[in-house]
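My notes follow in the order in which I checked things.

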Amino acid sequence: MSIHIPYGRQTIDESDAKAVLDALRSDWLTQGPRVPEFEKALAAYCGARHAVAVANGTAALQAAYAAAGFKTGDEFVTAPLTFAATATAGLWQGARPIFADVDENGNLDPEAVEKALTPRTRAIVPVDFAGRPAQLPALRAIARARGIPLIEDACHALGADSQGRKIGSCADMTVFSFHPVKSITTGEGGAILTDDDALRGGLERFRQHGIVRGEDWEYAVEEQALNYRLTDFQAALGSSQLRRLDDFIARRRAIARRYHEAFAGWEEVETPPGPVDDSAWHLYVLRLRGRASGLRRAVFRALRNAGVGVQVHYIPVYWHPLYQRLGYRRGLCPKAESLYERILSLPIYPTLTEAQQGEVVRAVRAAVESCFKSGAGQ
Ligand SMILES: *Cc1c(COP(=O)(O)O)cnc(C)c1O
């Protein structure tokens, strides 16, 4: 059966379509007024002073690392359970990611971070795994004590709250992605939020050829940089989506609550820990346990065969061939690795209906049971 319930997808309505059409019919397809409008609205939503919009989340990470002054030989401490871009964007700036192990949420463990610090550490880069904020106050304290920035990869967490503060206002720089599966979308897109004027300047230069404007026709290329701009029609979509962000998050939280209830009391699965109401629920990561914990591949295949688009987030970054060639070895972060072995991301997105969700829950039940019967994983 083909996949009819994906693990994530965008929510687009007529107001989004109209906003994009208006932008397309305006004088500006790029470098017009809609980008700063989107940046202002995003910064205001998050309670940050500045937002700098860029071409995608990966570009946003690279820009943040550049603005933080990463150079060859530097290190940054980050989480292994993330999309590879968190680490690889740092490689592009010449720095080496140091992977520290995770807590029960799959987020950076502050104690492991302390142990990973060296004189070359230039930043701490937590990832808000699945939309659940990392232990930001503790990580921020470690970064402060070292005089290095906390750069939060919040690509999963736009709309989440950390102890009453919106994500986007909790780190020196916060990175978002607007890929279609994320909290809001611009197709491709990303942004960095900061309160710091100097960092903002660095981010804006990195987005646009390292250029500083002068008088009349004059401009100076001050730094080696790229074109990482977002277009105006994308920014128009972003502003339109942002108006519905709270509704999207409320729907994701309602879905998470229903999964929690549906799976409560099952011996074979463990639901994601922590309160429902601070996470942005980018992912609903179910954990197989007990006699089911060795069955992940079989359960994954059975669900895919039933048309349910499950996924696995993530293969530990340093298991990838690139990182193996760079000398990272398996076993580096045992907690992340053992969590990886038993996780499965179930469909979660604002337009997922209760009927579809019921189908997913029944499919998980059927998949687990059929795997026991066939002796898979033994
Ligand atoms: C999506 C994502 C990125 C990259 O964002 P793109 O917009 O796809 O480039 C980086 N880090 C994490 C954790 C992500 O989920």
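**Ligand contacts**

I began with Thr 58, where an N or O atom of the side chain lies 2.6 Å from an oxygen atom of the ligand. I kept in mind that this is a predicted model, and that the distances I note are therefore computed from predicted coordinates.

Next I looked up Asp 153, and found a nitrogen atom of the ligand 2.8 Å from an N or O atom in the side chain of Asp 153. At Lys 182 I noted a side-chain N or O atom that is 3.0 Å from an oxygen atom of the ligand. I then checked how far the ligand is covered: on its own it exposes 380 Å², and the protein buries 92% of that area.

**The shell around the ligand**

I listed 15 residues around the ligand, with Gly 57, Thr 58, Asp 153, Ser 177 and Lys 182 as the closest. Sorting the shell by residue type, I got 8 polar, 5 nonpolar and 2 charged residues.

**Surface patch**

Turning to the surface, I recorded a nonpolar patch formed by Leu 21, Leu 24 and Leu 29, which together have about 240 Å² of accessible area. I placed Leu 29 in the loop that runs between α1 (14-24) and α2 (34-46).

Note on methods: Residues numbered from 1 in each chain as written. Predicted model: local features only at pLDDT ≥ 70, side-chain atom pairs only at ≥ 80, totals over all residues. Heavy atoms only, no water. Patch = residues over 30% accessible without salt bridge, like charges linked within 9 Å, V, L, I, M, F, W, Y side chains within 5 Å. Areas by Shrake-Rupley, 256 points an atom, 1.4 Å probe, with all protein chains shown as cover. Salt bridge = Lys/Arg side-chain N within 4 Å of Asp/Glu carboxyl O. Helix = DSSP H or I, 4+ residues; strand = E, 2+ residues; numbered from the N terminus. Near = heavy atom within 4 Å. Polar contact = N/O pair within 3.5 Å; in protein donor to acceptor, adjacent residues only side chain to side chain. Nonpolar A, V, L, I, M, F, W, Y, C, P; charged D, E, K, R; others polar.
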